[in-house]
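Please keep the sequence and the model at hand while reading.

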Amino acid sequence: MPNTVVVGAQWGDEAKGKVVDYLAERAGMVVRYGGGNNAGHTVTVEGATYKFHLVPCGILHGGVVCVIADGVVVDPEVLVQELHGLAAQGVSVANLRISANAHVIMPYHKEFDRLEEAAKGSSAIGTTGRGIGPAYADKASRIGVRMHDLVDEARLRKALDRVKEQKNAILTRVHGAAALDFEDIAQSYAALGAELRPYVCSTAYLVGEAAASDAGVVFEGAQGALLDLDMGTYPFVTSSHPLAGGACLGTGVGPTRIDAVLGVAKSYTTRVGAGIFPTELEDETGSYIRERGHEYGTTTGRPRRCGWIDTVVLRYSAMVNGLTCLALGHLDVLSGLDTVRLATAYRIDGEVTDKMPVDLVSQVGLTPIYEEMPGWSEDVSGVTRFEDLPEACRAYVRRVEELVGVPVGSVSVGPGREQLIVRTGVFPGA
Ligand code: IMP
């Protein structure tokens, strides 16, 4: 099994979990490399639904080592709850490892996320409110609390002593909010640290050695390429690196160890939060896709913005991720539409381009140029072989492949594990 990075090729929520779940069955290790509990995967196995926010979904396969690596920001309250939930569903988490270097989301990060968004007013980013940005900001400022600190009460208290005056001053004097009780935080977070201590270790060698062996490592991305801090639609992005390159930064594994990069995309596009979305449909078709695709956030429950597939976005994503293969999902959702559309280029102030503009902050003056294809009316959710999909549906997949310039290695026709149709010889390891 090749070492494979699974990345979101759009704005997140592409159902990467399902593809990771499939690969995990053949892998020795699954590693989360970035983001935090702003992400959410739902995996459905034989009618049972498992929700993941931080734990790699490879945990459903006994024997697979699952790692939360250095680049992730961990909310210990959420992680402990997730571990309890999995235990209640009979899932063993004995194979979980958490990097001691991973940064911890503290109560003040969540508070700042909320207050900073409110202060931005109409230019708010629409964050998930989970404290992700403020935690990464502290990491970059070298004042973050790491898992090393969380699991050792004396170190935790020292780390908190370093920041408490600054944090409370900003809360009270800048935002006019109430100060936080740091003694309370120290006690409750030390208790969470004690619960997580058995899983915490140095993961650089663990992952590095697995990647150098033939065990097969899956690097599980969170969010999507267009939410990348550098290459995404800044400032409407997350604060980490969802890109394939983020797998190297967030784990310490060098790029020469990566064999395949699988980009997961929906057969349409969705986005949550604010920011440009050229192919957005604010009409009945958009609602049709939202309802059929259950396009409501796993993490926040927010309705997702929906629109046609955008191959300008996907070509860009293929380039910045070095995609070797695409996993095209949610084909079943498009059933029942007379025609389907694919954006092939943009017209910006009269000029046509097939590339992403450098500064995609505003949509003013931008219109997508579409190609229209016949839709399909058949319910495809029970189809198990690519050849058995309706001709119009197969033609659509082939056109995506041509326009993006990357082979489609799998299509999915529903949320279930068995609803992933893998194309042998194209999908990594298949
Ligand atoms: P943050 O990551 O909570 O700071 O949010 C920043 C932006 O990224 C917002 O537009 C969020 O809606 C978006 N975002 C963060 N995580 C996800 C995700 O897992 N799926 C989709 N959008 C996300």
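The points below treat the domains, their interface and the cysteines in turn.

This is a predicted model, in which local features need pLDDT of at least 70 and side-chain atom pairs count only at pLDDT 80 or more, while totals for chains, interfaces and linings use all residues. Residues are numbered from 1 along each chain as its sequence is written, and side-chain values use heavy atoms, with hydrogens and water left out.

**Domains**
- The chain is divided into domain 1 (6–88 + 203–422) and domain 2 (103–199), with bounds from an automatic or database domain assignment.
- The contact (heavy atoms within 4.5 Å) takes 28 residues from domain 1 and 23 residues from domain 2.

**Interface**
- About 2,000 Å² is buried between domain 1 and domain 2, and carbon and sulfur atoms give 61% of this area; buried area is the accessible area (1.4 Å probe) that two parts lose on being put together, summed over both.
- V73, P76 and S239 supply 26% of the area that domain 1 buries against domain 2, more than any other three residues.
- The interface of domain 1 and domain 2 has 2 salt bridges, a salt bridge being a side-chain nitrogen of Lys or Arg within 4 Å of a carboxyl oxygen of Asp or Glu.
- K110 and D75 form a salt bridge, with their closest N and O atoms 2.8 Å apart.

**Cysteines**
- The structure holds 0 disulfides (pairs of cysteine sulfur atoms within 2.5 Å).
- The sulfur of C201 lies 13 Å from the closest cysteine sulfur, in C66, and is therefore too far for a bond.
- The sulfur of C393 lies 17 Å from the closest cysteine sulfur, in C325, again too far for a bond.
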